[in-house]
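Look over the structure before reading on.

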Amino acid sequence: MRPLRVGQRPKKPLSAIIKEVCEGWSLGSHEHFALQLADGTRYYITEKNRNDIKNGSILRLTTSPSLSASQLHERIQSSSMDAKLEALKDLASASRDITFAQEFINLDGISLLTQMVESGTERYQKLQKIMKPCFGDLLSFTLTAFVELMDHGIVSWDTFSVAFIKKIASYVNKSAMDAAVLQRSLAILESMVLNSQDLYQKVAQEITIGQLIPHLQCADQDIQTYTVAVINALFLKAPEEKRQEMAHILAQKQLRSIILSNIIRSNQPINDEMAHQLYVLQVLTFNLLEDRMMTKMDPQDQAQRDIIFELRRIAFDVECDSNNSGSIEKRKSMYTRDYKKLGFINHVNPAVDFTQIPPGMLALDNMLYFAKHHQDAYIRMVLENSSREDKHECPFGRSSIELTKMLCEILRVGELPSENCHDFHPMFFTHDRSFEEFFCICIQLLNKTWKEMRATSEDFNKVMQVVREQIMRTLTHKPNSLDQFKSRLQNMSYTEILKIRQSERMNQEDFQSRPIVELREKIQPEIMELIKQQRLNRLCEGTCFKKTNNRRKPDKYWYCRLSPNHKVLHYGDLEESPQGEVPFDSLQDKLPVVEMKAVVTGKDCPHMKEKGALKQSKEWLELAFSVLYESDEYLNFMAPDKHEYCVWTDGLNALLGKEMTSEYTKADMDTLLSMEMKLRLLDLENIQIPEAPPPIPKEPSNYDFVYDCN
């Protein structure tokens with residue numbers, strides 16, 4: 001179709017512009033034409049999105065979305081295989097545009113595609129032996145068009161038949177299937193499960209974990225990613241009573257070891273989407289512990305009490321026989337003594353210690369696992385502490401309960417996975433009982449740190465704080481195995497923690513005197529001005545922002561930067577993420593700073609109110625901000641990370657003359673103020689700074705020592 005360059009944005013309606021262009025080129029029936037971007041996206045221009053067009057963009061005069069949809073609806077029903085294939089290819093491409101999608105859906109296009117998948121494929125399968133490439137492409141384009149149309153959220157997923165689900169599942173269950181067809185089929189199943197509880201039950205009946213496992217062993221990381229995504233979706237939507245059963249099946253099928261060998265330890269680097277899916281699987285796996293974590297121990301339950309008796313038996317090599325010789329009082333005294341050595345708070349009835357939730361019964365499970373699977377370390381720890389003075393012993397029972405609670409907090413057991421997180425730990429995929437092994441390593445670390453700190457019972461909370469810091473700092477290195485985690489912890493001794501703390505903070509005691517406080521107050525405005533200038537300089541450099549975050553669609557980018565005189569925000573769309581700064585002449589849109597009214601963040605942003613799906617995501621809310629300007633217009637931002645969010649909200653608030661309140665401003669203030677104070681007080685090292693100024697001496701008896709130099 002004919003290209004059209006838009007030099008400026010006319011105020012007249014699009015229909016009038018299209019009519020004028022058609023008349024200029026002697027084209028009749030202007031209602032059958034529309035404007036479309038001439039770039040790779042080929043999106044239709046509507047009244048709603050016309051303001052997003054950059055000045056100077058090249059547009060195409062093409063057939064209208066309604067006419068195009070009608071033509072494709074007819075073409076994909078052609079009896080000619082080649083014509084049908086070409087039509088489906090065009091449909092898969094055109095369906096990315098929501099304007100076209102709406103028109104095609106209005107023609108009942110979704111139903112037509114599902115009918116083709118349900119019934120039409122039998123005829124194509126007969127041709128598969130002689131036309132295998134054509135069959136694969138035909139089905140691939142059909143499913144691609146279906147996925148693109150459904151991604152717009154116009155049609156409910158609950159409308160699909162069991163026959164369609166069975167057909168899609170059959171493509172996944174086949175051992176040899178075209179890679180593109182398999183990938184689209186997995187994507188459809190994931191969306192079905194996530195968007196409909198009714199469809200979850202139907203999909204769960206058609207797909208088994210055993211049929212998904214082989215797809216994890218292929219070399220195509222996209223197929224592996226979608227396979228893990230389907231497993232996660234089934235896991236996430238499964239009723240609570242079925243999740244443990246599903247976890248047992250996953251263990252039987254050796255899912256963990258297959259993921260470890262074929263994905264985590266493969267030669268291919270793990271992309272962001274795969275990292276996200278592994279993180280989700282990690283979270284869902286640990287969430288299976290929530291039930292035990294929130295279950296109180298029943299002090300009257302004999303089976304639960306027997307676990308405590310087993311801990312005593314293993315530690316002290318005694319039999320818990322109620323018919324032992326001796327009086328009841330003597331046996332009670334013996335039990336009380338042993339429970340005290342085991343470090344329980346309640347020496348008479350230790351079951352009471354496990355009524356706190358969290359960690360509930362999970363702590364007792366961990367203790368029993370440690371006692372049975374690391375028996376030598378368990379016995380050595382208990383006997384070693386029971387031989388110390390009372391005030392210096394590390395209480396195993398109390399420590400295990402508090403440590404289990406801490407590990408649940410660190411791993412966020414019970415919380416739903418975040419939508420934008422990639423923070424998975426390879427070491428948790430190296431063992432079937434990774435949480436229990438994690439506990440066993442950390443309880444030995446706690447005992448070691450207790451000895452290094454020469455702690456007493458009064459220091460219990462201090463020891464737990466140090467252990468938490470040791471664990472958190474080691475996890476940031478993402479150890480590849482539990483052995484590597486244990487090895488790194490050995491180097492993270494209490495002495496090392498003290499050195500790190502000392503390097504990260506200044507000694508607060510030396511900076512509490514009034515003269516020092518007054519000096520800090522005097523310096524703070526200078527530092528704040530320095531931070532303000534840094535923020536504005538960063539705005540002048542500019543930042544690339546994403547427009548969308550649909551993982552199945554290519555990202556769209558736009559760039560925004562502040563003019564050097566701090567008077568205008570320049571912004572504009574980009575084809576791809578830039579490697580450096582984007583020059584001002586490439587950014588066609590402008591927003592004068594004087595027209596800016598306010599900066600709003602989080603759920604107050606207009607684009608967060610519009611995006612219903614995003615409203616539930618805490619991560620997106622924490623990165624969203626908008627600039628409101630005259631006539632109630634707004635410029636919406638979605639920061640790439642927390643740092644850019646703080647830089648831009650600080651800089652925009654500074655332009656408006658408002659206070660910069662981000663956490664990064666506070667951190668920068670603390671760092672710069674600390675450095676400046678240290679530099680100014682360098683000459684006063686080891687000198688006691690008085691709380692009050694020195695007294696003024698008495699006046700001299702005469703001023704004969706004063707000379708008039710004139």
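At what angle do helix α22 and helix α23 pack, and how far apart are their axes? This is a predicted model. Helix α22 and helix α23 pack at an angle of about 125 degrees, and their axes lie 10 Å apart. The crossing of α22 past α23 is right-handed.

Which residues meet there? From α22 come Q470, I471, T474 and L475. From α23 come F485, R488 and L489. Four residues of this contact are nonpolar, two are polar and one is charged.

Now for the sheet. Strands of a sheet pair through backbone hydrogen bonds, either parallel or antiparallel. Here three strands form an open sheet in the order β8-β9-β10, with antiparallel pairing. β8 and β10 stand at the edges with a single partner strand each, so one side of each has no neighbour in the sheet. On average, neighbouring strands are turned by 20 degrees against each other, direction ignored.

The strands span these residues:

| Strand | Residues |
|---|---|
| β8 | 596-601 |
| β9 | 624-629 |
| β10 | 633-638 |

How many bridges join β9 to β10? There are six, and the two strands run antiparallel. S626 stands opposite N636 in β10.

Helix α28, residues 642-655, lies across β8, β9 and β10. Helix α28 runs at about 20 degrees to β9.

Conventions. Residues numbered from 1 in each chain as written. Predicted model: local features only at pLDDT ≥ 70, side-chain atom pairs only at ≥ 80, totals over all residues. Heavy atoms only, no water. Axes fitted to C-alpha atoms, helices over the stretch in contact; angles between N-to-C directions. Helix = DSSP H or I, 4+ residues; strand = E, 2+ residues; numbered from the N terminus. Left-handed = near helix turned anticlockwise from the far one by under 90°. Contact = heavy atoms within 4.5 Å. Nonpolar A, V, L, I, M, F, W, Y, C, P; charged D, E, K, R; others polar. Pairing = 2+ DSSP bridges.
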